[in-house]
Amino acid sequence: MGYSDPSSSRDLLGNRTLFFIFICAFAVVTLLQQILYGRNYLKRGLQFSWQSGEELANWTGTFNFTDDGALKSGSDTGTRYFEFYEGPFEYNSTKCLELRQDIIEVKVLSMVKQTELFDRWKSLQMCKWEMNVTEANLFKSTLSRCCNAPAFLFTTQKNTPLGSKLKYEVDTSGIFHINQEIFRMFPKDMPYYRSQFKKCAVVGNGGILKDSRCGREIDSADFVFRCNLPPISEKYTVDVGVKTDVVTVNPSIITERFHKLEKWRKPFYEVLQVYENASVLLPAFYNTRNTDVSIRVKYVLDDFESQQAVYYFHPQYLINVSRYWLSQGVRAKRISTGLILVTAALELCEEVHLFGFWAFPMNPSGIFITHHYYDNVKPRPGFHAMPSEIFNFLHMHSKGILRVHTGTCSCC
């Protein structure tokens, strides 16, 4: 007759009970983890997980942003994850403060990989931009002390009297004597004064402008600067607009395209008429080679009775601007015309918006773009330090000093 120990049956029953409780507890914990993971997934989706290394490039074609940060959906499949995102976020929201700081904390361009900088910049597009009046005024006062565009941007009769010995910007040993004939070409004084214009657009020629649809927003500005005779024909109007108040001309363009104006005078005049009443600005006193051909521009426009004014950069202004940006880390043989115009605009305008400024072969989403919006001709290597210039602009955007537009526009 077998013997059964009742205590062993109780132990077995107790073990089963404990095992069942353990299984239930494990199931509850797993369920809670899944719930929390789901919430984090949605939250990370809202913030696009850029801080942890995931890239928007993975979503290209599904999600795009207009220049004001609003989401544009490309397919219903992806949109369901972002149905609650109405952006742009308020400028002073906690998230936007963090996103701006993510860019400001990068002190030098070499601190981050290019893709990481792009990710931080893309992330910031979720936020509205506002001018930080305190930061902007502080920056403007610095420019006033170092450069003073309202007094020295152009060579004038006031800042360069008759008989002056004008030193060139680069050929510092060279001196240009201001005689009566040249003196008469200068305006009596600067035609613009400090903070004269409420909103200015400085338009670069970067490929980032292509398909931007920013033309109407550019044309809505009170004053528009353009660089080096860019095409603004009907083919490009929707992206770049037509309004032009000042357009610069690099003397090398006159030399190469118009044979120093020795023969091709009318074609040059006709090209300038595209910009209607815009003033023409040249670096006549950058070096000795630029002087004759720059002065010839004035003669041509006078011969054709053009109403367009011709101005010449003051060489000391260009020297001072270069020194300032060198102190900010822009090391180049010469700073770009775009950077010079942006510097001037910050003194002449209350609010400055930049279009077409992007120094990388791909846009912030990692899609390759042409060098210019109208062609893919590269500049001489090592002459300008364009990435460094753009890096400074992104910092200034993040501080509320100016606004950089790199997305599609939704103006008007």
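**Notes on selected helices and loop residues**

1. S252 and helix α10. S252 sits in helix α10, which covers residues 251-257. This is a predicted model, so every value here is computed from it. S252 is partly exposed, because its relative accessible area is 30% and the partly exposed class lies between the buried limit of 20% and the exposed limit of 50%. How far is S252 from S294 in sequence and in space? The two are 42 residues apart in sequence. In space they are 10.0 Å apart, C-alpha to C-alpha.

2. The α3 and α4 pair. Look next at helix α3, residues 94-104, and helix α4, residues 114-124. Their axes come within 9 Å. They cross at roughly 155 degrees. That makes α3 roughly antiparallel to α4, because angles over 145 degrees fall in that class. The α3 and α4 crossing is left-handed.

3. Who meets whom. On the α3 side, the contact residues are C96, L99, R100, D102 and I103. On the α4 side, they are R120, W121, S123 and L124. Sorted by class, this contact has 5 nonpolar residues, 1 polar residue and 3 charged residues.

4. How enclosed is α4, and by what count? Of its 11 residues, 8 are buried, so α4 is largely enclosed by the rest of the structure. The buried residues are L117, F118, D119, R120, W121, K122, S123 and L124. They pack against α3, against α15 (386-399) and against β11 (403-405). Find these three elements in the model and you can see what covers α4.

5. T406 lies in the segment after β11. T406 is buried, because its relative accessible area is 11% and the cut-off for buried is under 20%. Which side chain does the side chain of T406 contact? The partner is W121, in a polar contact of 2.8 Å. W121 is also among the buried residues of α4, and W121 is one of the α4 residues that meet α3.

6. N287, a loop residue. N287 is in the loop between β8 (279-282) and α12 (288-303). Is N287 buried or exposed? N287 is buried, with a relative accessible area of 5%. Its side chain reaches the backbone nitrogen of N290 at 3.0 Å. Leaving aside residues up to four places away in sequence, N287 touches Y168 and D171.

7. N228 and its phi angle. Most residues other than glycine have a negative phi. Against that background, check N228: its phi is near 60 degrees, a positive value in a residue other than glycine. N228 lies in the loop between β6 (223-226) and α9 (237-240). With 21% relative accessibility, N228 counts as partly exposed.

8. E305 and its phi angle. Phi of E305 is also positive, near 55 degrees, and E305 is not glycine. E305 lies in the loop between α12 and β9 (310-312). Its relative accessibility is 67%, so E305 counts as exposed.

Notes:
Residues numbered from 1 in each chain as written. Predicted model: local features only at pLDDT ≥ 70, side-chain atom pairs only at ≥ 80, totals over all residues. Heavy atoms only, no water. Axes fitted to C-alpha atoms, helices over the stretch in contact; angles between N-to-C directions. Helix = DSSP H or I, 4+ residues; strand = E, 2+ residues; numbered from the N terminus. Parallel < 35°, antiparallel > 145°, perpendicular 65-115°, else oblique. Left-handed = near helix turned anticlockwise from the far one by under 90°. Contact = heavy atoms within 4.5 Å. Nonpolar A, V, L, I, M, F, W, Y, C, P; charged D, E, K, R; others polar. Buried < 20%, exposed > 50% of the residue type's maximum accessible area, 1.4 Å probe, protein only. Polar contact = N/O pair within 3.5 Å; in protein donor to acceptor, adjacent residues only side chain to side chain.
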